[in-house]
Amino acid sequence: MKPIAALAALPLLLAAGPALRSSPDLGKAEGRCRPGETGPALLVEAAGLKDRAGQIKVEVYPPNDTDFLADDNVLVAAGKVFRRVEAPPPKSGAAVLCIRIPGPGTYSLVVLHDRDMDRKFNYKVDGIGFASNPKLGWSKPKASSTRVVVRSGGVSRVSVVLNYKNGLGVGPVGR
């Protein structure tokens with residue numbers, strides 16, 4: 001950026017105010033299901049856990065490429081959909097987590113198996129899966145391939161297969 005342009009942009013940067021403080025708890029209060037949840041919510045089954053270490057995290061995003069996997073602070077500040085729930089993996093079987101959503105509509109959904117509990121996705125360690133179970137490569141999938149459509153205000157079920165680094169590729173355990 002040229003020095004003159006940088007000076008011209010300074011008032012805009014100052015008007016934006018202080019940056020939002022990051023918090024791993026963003027979206028949790030809105031995403032947490034109540035006992036006997038009647039919706040609107042998603043019951044997410046995460047199958048194919050590599051092991052029982054760490055935490056399972058489910059996050060719901062707007063269903064477009066700009067907002068999908070965007071910074072949660074930015075989404076919340078803009079009043080956009082962002083929900084998160086976390087739970088330890090079960091002792092056996094698939095992890096099943098309930099996450100509340102604003103209402104019927106279309107959302108993008110990601111499930112992370114944060115095996116080392118560092119709150120960041122590390123493709124060498126952690127597992128990841130998306131609604132609609134798109135085939136994964138070395139970049140994030142398009143939001144359109146991770147969508148879940150909720151047609152009623154009740155509880156909808158979604159099955160997600162987790163993927164882990166497997167040799168030179170990424171895929172379900174045992175593949």
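What pLDDT does the protein average, and what share of the residues score at least 70? The average is 87, and 87% of the residues score at least 70; pLDDT is the predictor's confidence in each residue, from 0 to 100. This is a predicted model in which local features need pLDDT of at least 70, side-chain atom pairs count only at pLDDT 80 or more, and totals for chains, interfaces and linings use all residues. Residues are numbered from 1 along each chain as its sequence is written, and side-chain values use heavy atoms, with hydrogens and water left out.

**Elements and confidence**

The protein has 3 helices and 10 strands; helices (H or I, at least four residues) and strands (E, at least two) are DSSP runs, numbered from the N terminus. Mean pLDDT is lowest among the elements in helix α1 and highest in β2.

| Element | Mean pLDDT |
|---|---|
| α1 (residues 3-15) | 36 |
| β2 | 98 |

Over residues 1-20 pLDDT stays under 50, and the model has 4 contacts for them beyond four places in sequence (contact means heavy atoms within 4.5 Å). Where pLDDT is low, the predicted coordinates should not be read in detail.

**Cores**

Of the 175 residues, 38% count as buried, meaning under 20% relative accessible area, with exposed over 50% and partly exposed in between (1.4 Å probe, protein chains only). A nonpolar core is a set of buried Ala, Val, Leu, Ile, Met, Phe, Trp, Tyr and Cys residues joined through side-chain atoms within 4.5 Å. The largest such core has 22 residues, of which Leu 42, Val 44, Val 58, Leu 109 and Val 111 touch the most other members. Elements giving two or more residues to this core include β1 (41-47), β5 (105-114) and β8 (155-161). Apart from it lies another core, of 11 residues, among them Leu 26 and Phe 82.

**Strand β8**

Strands β1 and β8 run parallel and are joined by 7 bridges (two strands pair if DSSP finds at least two bridges between them). Val 44 stands opposite Val 158 in β8.

**Disulfide**

Cys 33 and Cys 98 form a disulfide, S to S 2.0 Å, the term being a pair of cysteine sulfur atoms within 2.5 Å. Because Cys 33 lies in the loop between α2 (28-31) and β1 and Cys 98 in strand β4, the pair ties together parts 65 residues apart in sequence. The torsion about the S-S bond is about -75 degrees, so the disulfide is left-handed. Cys 33 is buried, at a relative accessible area of 19%.
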